Each structure stands twice: as structure tokens, then as C-alpha cells.
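Please open the structure in a viewer and keep the selection panel at hand.

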Amino acid sequence: MGYILSDETKDLLADVKKFCDNEVKEQCKAYDVSGEWPKEIYDKAVEMGLSTLEVPKEYGGIGLDRISCAALYEEMAKADAGFFTTMTSSNLALKPVLIAGTEEQKKWACDVLLKGGYASFCLTEPMAGSDAANSKTTAVRDGDEYVINGRKCFITNAPVADFFIVTAMTDKTKGVKGMTAFLVSKDTKGLSTTNHENKMGIRTSTTSDVVFEDMRVPVSSRLGEEGTGFITAMKTLDLSRTFVGVGAVGIMQRAIDEAVAYSKTRITFGKPIGKFEAIQFMIADMEIKCETARQMCVHAIDLMDNGLPFSKESAIAKCYAGDNAVQVALDAIQILGGYGYSREYPVEKLLRDAKIFQIYEGTNQVQRMVISKNVIGKF
Amino acid sequence: MEILVCVKQVPDDSVKVVLNGSGQPAIDKIAPVANAFDTYALEMAARFKEANGGTITAVSIGPDEFKTSLKNCLAVGADKAYVVTDASYDGSDSLATAYVLSKAVAKIEELEGVKFDIIFCGKETTDSTTALVGPELAEKLGVGVVTCVTELALNGDKIDAKQETEEGYNTIEVAMPAVLTINKPHYDPRYPTMKSKMAARRKQIPTLTSADLGTDASLVGAANSAVKTISLSEPTKKQAGIKINEKTFEETFAKAMAVMTEAKIF
Ligand SMILES: Cc1cc2nc3c(=O)[nH]c(=O)nc-3n(C[C@H](O)[C@H](O)[C@H](O)COP(=O)(O)OP(=O)(O)OC[C@H]3O[C@@H](n4cnc5c(N)ncnc54)[C@H](O)[C@@H]3O)c2cc1C
């Protein structure tokens, strides 16, 4: 549906679907309540290679194309958006390494992930969310080392990460041009994670603060030149936003599947509610939102694959899919009536999960800033 | 250790099969999968190989489409696979199938220059559920067989197989080569990794025909099978059960006992 996939990808998709149906979908209900990070599910998923879909072939990965990745990610998000977030976040952290890293750094980071590791992308700070350039984390050069101090917050995968991509100011006077990115191993002295977030949704994904106290890293851990950190982070987000959109599409598809199944069995006034035009049209509108969002993701991927500019389209894909996922989840709740509002049924969770897609990797206001800047230009 | 695993592709057993207008099972729209017991057999074989070393070959008798299941086998432990395809085998009963398999064993041994130490079969297939092919294959090969195996361990040049029975378990020592038919163990078959799946898709699966196997045409196919299917019927529908779910386990148990006593089940 939506994607035109090769036979090989269809085959992989069938395996991912089977795994998600058997190991994720139902199991995540209990973890959604407890907020526990389901290690045993993740162990199996990592073993299957679901956390390393984007590792390039030359670094030992499977060399999957972007559209195939999207199809597999959507299937994961359909089962549980927290599961999707955990799996994709390591790939998010890998992107800056692939964009700006040395051969050695790329090889090292890919190896860590292929051996079953996790990674975190640490940009957000208490005083620097949408305004990422207002970073207070500093990196001071001291001989062959940098000394990093500061705090990152809302960092996905932080408590389980084997490496962290950390942005820090090497020269505050230069604004965004004074930001530098580093590739930091979890064993580095002075690095700690704290303040586990008790979240509204995507509760199977773990989020916490990362603190750096006189953390010394070698110069060789710097990603690219001094002052390129902000650009690297923005390039990373440009690329990853489309895949955040894909996750939101997964939520929409699940909401539609649940609503359709329910509408065929729930009888009111002597008929299944799916026989009423009011419900049918709601389902049609949900499908319109889902399929158009999916196509926007496909379009952004097409542009990436063809080496064309995609920043605006990637922002549209994320923003549009995120906004619509919230609405479609609400509609699914409406179709299930009182049962939709009950935690016994799966759709209220979809709403809680969908909401994050309007917030992380740049709020949807920030996406609109990116889009309008592209459309209006400088004047 | 040279291991052969016999695999049949069957209609997905989680889908209910009904009869079509001409009294045949309507299975054309049901996704084909590897027989569940064969997947248990392959998983057990893969674990055995991991513990003791060796090579696993998977073999399937059936049309070219059976390669789909064999590719899945190649992604979860099998090193090689063969499909045995011949129109003359269509409609073979279990005995004729076992005969063809025995010839396939000999042919693959010749092609690979090996002798199989253990031949794994599923306990039965989920489509025809005869549970006959494994023991019949052992008979044709003139080797020992242990059925309904749920665990096995290498014991010198023999195998200790744990056999599940109606009452409990037997531990049976069997000399190799041997045929083992596998029941559901306490673990599930592994999932293919994305990498193993992609590699498996690229592997070649050679096809063997009656000419390769040298099978006797008078022993195979529907016409030469001892078992003839006269007609098929759907299983009678189960009556709707009752759900007993009291507050505590004790209350649930007491209620269930009361219901069964009243129904004079005891
Ligand atoms: C579950 C979760 C996981 C996350 N994972 C990560 C991660 O792995 N790595 C990481 O670096 N970050 C992560 N984040 C952080 C996330 O990207 C930020 O929360 C987000 O960018 C918004 O920043 P903020 O929370 O500081 O909001 P603020 O920037 O304070 O924004 C508050 C509100 O004001 C709006 N706003 C701000 N500025 C403007 C403006 N100029 N015009 C219009 N509206 C504006 C925003 O859209 C928002 O609605 C995660 C967050 C969550 C909740």
C-alpha cells in the first residue's frame, strides 16, 4: 500500500510484520502502562537487524534503500510507536557520523550498532529546544582534548546508548557557527544519564537527560571541523524528518485498521456502524489523510534518492503526517465511542503516541518555519 | 554432523480451510508457509548444529513455488536446499512420498559427497496430519526412528532423544543415521535476520526430477498410491463454549468443577 516495493522488500516486510504481530503489538500494552523499557523485545528486534536498517553496505549493513526502510519503519510504528522510536533513534544518531565523520568514525559507529548497540542524538537542552542554537553546553580545547560541560534533555535511548552525538559550543561568540559535534562513547568519564522522563506516550521508548561534567574527549572524537556542528545537526534533521513522518503514517494506518475492524462488528440500530455513511465518510477522511501523508514521505524520499533538494518536502512530510496522525487517532477514538476512550482498547494509546510526532525532531511550528522560509525566501 | 531437514510447504494453518464447490479444500487464496512442525525441526537442527557443528540441508518435494519456504529455511539455519519436482509425483500418498524422499536422500548424498547422520522431519504436516512420512522414510532407508521428539543431545556416536507421549516422556537412545520426527519444543523458531533473509534470497536452490532420482514410476503418484481419498468433509462445528472467569483462580476452578459435575463429565 502506498509504496511500490521490490519482491525482496515485500519479503522483509512480511518478516517484520510477523515479528511485530507476534512479539510487539500485544506485548507493548503492558509496557505502555508500566513505562518499563522492554529489553527482551528489543533484544530480539536488534538480533533481527531492525535497529540497523540504515547502516550502509560498505560498513557491514544490508544496504537497504530508503523506500524499503520507510515501509519497514511504518510497520514497526503500526505495532508500537515507542518501538519505532527506539529503533529509528540509533539511526538518527548514526546520520551525523555518516554526514561529517571520518572513515574511522563511520566504521566504529556502524560496528557498535551492528554488534547490537544503541545510540543517542543529543541536541536539545533545557534552554535550547526549538532555539537549538542557544546551546549552553561548552567544549573547551585543552591540548589534544576537549573538556565538555553541560546538560542535554529529552534524549531518546540515552540510558541504553553505547554512543552519543553531542553538540557543544566551542566558540560562543560565533553563534551557530560556534557549535561543534562530537562522537562520544558511553564509557567516557564525566558522562551520565539522569532524570528518566515519565511520558504521555511512546512509553516503550526511553528518554532522559544526559549530563557532562568535565568530560574529556580526544580531538579525534570531533565530527568534522570546529563550528560545523549546527550544520551537521540540521542536515541530520532534514534527512530524518521524513522518517518521523513515516512513523506518524504507521500510527494512522493502525488507527484506520482498528476503526475499520470495529465498525464491522459494532451493531447499533440493528446494523454494524460501518454501514452508516457518517462512519464511512470518517474512514474515508482518515484514509485521505494517511495516504496523502504517506505519499508526501515517498515524495521526499524520491527527491533524496535523486540528489535533489528535499529540506522543504521533508519538513512538510513530518509536519503533515504528525498533525494528521493526531486527528486520525482522535477519529478512531470517536468511531469506537466509549470503548475508544477506554484503556481496554488500543486506540487511546494511538492518540498519546501520535502527539509526540508534532513535537520531537523539531516541533510542527519549527517545521512551518522551515517550510515558510523555503517558500518566501529572504526579503 | 550432516543433517537433512524435510520441509513441506502448506497453506497457512492459522487460516480456516473450507471446501469449495467441487468438494476440494479452497486453499488458493491462503498464503503458503513452511509446515509448522518442520520449522520446529529446522530450529532444533540449527541448535544441534550450533552445539555440535555440521551442515544442514533442507529438502522439499513439491512444485517450484516451494522454493519460497526453502528460502525462508535458508535464512534461519539451513545451509543448502533442494527442491524435488516432478509431475509424476502429484497426488502421492505418504508411502509414495517417503519413497521419493528416500531416493532424494541418496541423490543429495551422492551430489554433496556426504552421508546424512540425522534426518529431521516434522511430527506431521498441518494440512494432511498423517504423521506417517517420517517413520515410513526411516523404513525405506532402513534406519532407526524416534517420533515426537522435543529435545535431543549427542551421546557419543548415538543420540538421546526425548520423546513426548500421551502420558509423559521417554528418553530413547538411537544410533545414527536416524530419522527423528519433531514435536513442538519449549522454544519458538528464530526469526530470520534482515541480513540472512537477503542472503538467502540470493542462494540458488537446485531442482531434482524423477530422472535425477531414478524413481520407479510404478511406485509414485496418485494412481500408484495405496491410500485413495474418496471424499473430504469439513470438521463439525464446535459448540460455543462457556467462559469461566471468576475473581480468583480458586473461584474459577470451583466454578469449572461445578459446571463439569453438573454436565456429568465426571
Ligand atoms: C519524547 C521525546 C523525545 C525526544 N528525543 C530527542 C532526542 O533524541 N534528541 C534531541 O536532541 N531532542 C529530543 N527531543 C527534544 C525535542 O526535539 C524538543 O522537545 C523540541 O525540539 C521542542 O523543544 P522544547 O521542548 O524546548 O520546546 P520550545 O522550544 O520551548 O517550544 C515551546 C513551544 O513554543 C513553540 N515555539 C518555539 N519557538 C517558536 C517560534 N520561533 N515560533 C513559533 N513557535 C515557537 C514551539 O513550537 C512549542 O510549541 C525529544 C523530546 C521528546 C518529548
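Within what distance do the axes of helix α1 (residues 7-24) of chain A and helix α3 (residues 39-48) of chain A come, and at what angle do they cross? Before the answer, a word on conventions. This is a predicted model, in which local features need pLDDT of at least 70 and side-chain atom pairs count only at pLDDT 80 or more, while totals for chains, interfaces and linings use all residues. Residues are numbered from 1 along each chain as its sequence is written, chains are lettered from A and ligands numbered from 1 in the order in which they are written, and side-chain values use heavy atoms, with hydrogens and water left out.

**First stop: two helices of chain A**

Select residues 7-24 and 39-48 of chain A. The axes of α1(A) and α3(A) come within 11 Å and cross at roughly 170°. Axes here are lines fitted to C-alpha atoms, for helices over the stretch in contact, and angles run from 0 to 180 degrees between N-to-C directions. The two helices are therefore roughly antiparallel to each other, a term for angles over 145 degrees. Helices (H or I, at least four residues) and strands (E, at least two) are DSSP runs, numbered from the N terminus.

Next, display the side chains at this contact (heavy atoms within 4.5 Å). From α1(A) come D15(A), V16(A), F19(A), E23(A) and V24(A), and from α3(A) come I41(A), K44(A), A45(A) and M48(A). By class, six of these residues are nonpolar, none is polar and three are charged. In this scheme Ala, Val, Leu, Ile, Met, Phe, Trp, Tyr, Cys and Pro count as nonpolar, Asp, Glu, Lys and Arg as charged, and the others, Gly among them, as polar.

**Second stop: E75(A)**

Select E75(A), which is found in helix α4 (residues 66-79) of chain A. Is E75(A) buried or exposed? At 9% relative accessibility, E75(A) counts as buried. Buried means under 20% relative accessible area, exposed over 50%, and partly exposed in between, with a 1.4 Å probe and protein chains only. Not counting residues up to four places away in sequence, E75(A) touches L13(A), V16(A), K17(A) and C20(A).

Select strand β1 (residues 119-122) of chain A. A119(A) and F121(A) point one way, S120(A) and C122(A) point the other way, and all are buried. In a regular strand the side chains alternate between the two faces of the sheet. The bridge partner of A119(A) in β4(A) is F163(A).

Move to strands β2 (residues 138-142) and β3 (residues 145-156) of chain A, which pair in the antiparallel sense over five bridges. T138(A) has N149(A) as its bridge partner in β3(A). Two residues lie between the strands of this hairpin, where G143(A) takes a positive phi near 65°. β3(A) also pairs with β7(A), in the antiparallel sense and over nine bridges. There, I148(A) has M215(A) as its bridge partner in β7(A).

Most residues other than glycine have a negative phi, and most peptide bonds are trans. Select D214(A) in strand β7 (residues 207-218) of chain A: its phi is positive, near 45°. D214(A) is exposed, with a relative accessible area of 54%. F269(A), in the loop between β9 (267-268) and β10 (271-272) of chain A, has a positive phi of about 50°. F269(A) counts as exposed, at 82% relative accessibility.

Now turn to chain B and select M176(B) and P177(B), which are joined by a cis peptide bond with omega of about -5°. P177(B) lies in the loop between β9 (169-175) and β10 (178-182) of chain B.

**Last stop: whole chains**

Colour chain A by domain: domain 1 (7-114), domain 2 (119-227) and domain 3 (231-376). Domain bounds come from an automatic or database domain assignment. The C-alpha centres of domains 1 and 2 of chain A lie 23 Å apart, and their contact takes 29 residues from domain 1 and 22 residues from domain 2.

Chain B is assigned domain 1 (2-224) and domain 2 (236-266), with C-alpha centres 40 Å apart. Its secondary structure comes to seven helices and eleven strands. Of the 266 residues of chain B, 39% count as buried.

Notes. Parallel < 35°, antiparallel > 145°, perpendicular 65-115°, else oblique. Pairing = 2+ DSSP bridges.
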